[in-house]
Amino acid sequence: MSEVFMGQLRSRSIPRTGGHAFAREDGQIIVRGAVAQVIQRPTGYRRLWLPVRRWTYVHVAVCEAWHGPQPAPGHQVDHEDRDRTNNRPENLSWVTPHYNYSRRKLMRGPDHPFARFDAPTVRAIRKLAEEGTGHRRIARAYGVHHSTISNLVHRRTYTEIV
């Protein structure tokens, strides 16, 4: 892992890119001297096109550059602060799938990347149901399936919201 300075920031070469791509300490990727274009995925992860390696997730490239190659097949990159857009090396580490999954469970309700409702909306939906509005009618108003509303009202989902 050779370290170089690009401006005021330290950078390390990303393995298997032939020295064409570097991961900076701020989590950005430099390809052939310019900040790489990244695509934000619906899951919150960012991807980019790297020379030789093709499509790669930014967090994986940064982790490989700063922490070395994947320690064993199946290991995953963990974001310590759970923010999928924070790809700084100090926020990333290689972990087992079991450890990563155990931390993933903490992302529930409105904090989950696929959440349909925020806390005030959940409370409003539950109040509508309490007042006698049918689940199907509420579902049509919010553009979701009636089972989504049923699960929300009966606290099978969004359990942490009072």
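**Labels and their grounds**

Modeller: Let me begin with helix H5, residues 146–153, whose buried residues are Ile149, Ser150, Leu152 and Val153; please keep in mind throughout that this is a predicted model.

Colleague: Why is the contact between Glu64 and Arg16 called a salt bridge?

Modeller: The cut-off is 4 Å between a side-chain nitrogen of Lys or Arg and a carboxyl oxygen of Asp or Glu. The N to O distance for Glu64 and Arg16 is 3.9 Å, so the pair qualifies under that limit. The two residues come from distant parts of the chain, with Glu64 in helix H1 and Arg16 in the loop between strand E2 (9–13) and E3, 48 residues apart.

Colleague: How do you know whether Glu64 is buried or exposed, and what about Arg16?

Modeller: Buried requires a relative accessible area under 20%, and exposed requires one over 50%. Glu64 has 8% and is therefore buried, whereas Arg16, at 53%, counts as exposed.

Colleague: What makes Asp78 and Arg82 a salt bridge, and why is Arg82 called partly exposed?

Modeller: Their side chains meet at 2.5 Å, N to O, which is within the 4 Å limit, so the name applies. Arg82 has a relative accessible area of 25% and so is partly exposed, since that class lies between the 20% and 50% limits; Asp78, at 0%, counts as buried.

Colleague: Which residues form the salt bridge with the closest N and O atoms 3.9 Å apart that involves Glu131, and why do they count as exposed?

Modeller: Glu131 pairs with Lys127. Glu131 is at 55% relative accessibility and Lys127 at 52%, so each clears the 50% cut-off for exposed. A search of the whole structure finds 5 salt bridges.

Colleague: Finally, which residues have the most contacts inside the largest nonpolar core?

Modeller: That core has 17 residues, and those with the most contacts inside it are Ile14, Ala23, Ile29, Val31, Leu48, Leu50 and Val62. Helix H1 gives the most to this core, with 6 residues. Apart from it lies another core, of 13 residues, among them Phe117, Val122, Leu152 and Tyr158.

Conventions. Residues numbered from 1 in each chain as written. Predicted model: local features only at pLDDT ≥ 70, side-chain atom pairs only at ≥ 80, totals over all residues. Heavy atoms only, no water. Core = buried A, V, L, I, M, F, W, Y, C linked by side-chain atoms within 4.5 Å. Buried < 20%, exposed > 50% of the residue type's maximum accessible area, 1.4 Å probe, protein only. Helix = DSSP H or I, 4+ residues; strand = E, 2+ residues; numbered from the N terminus.
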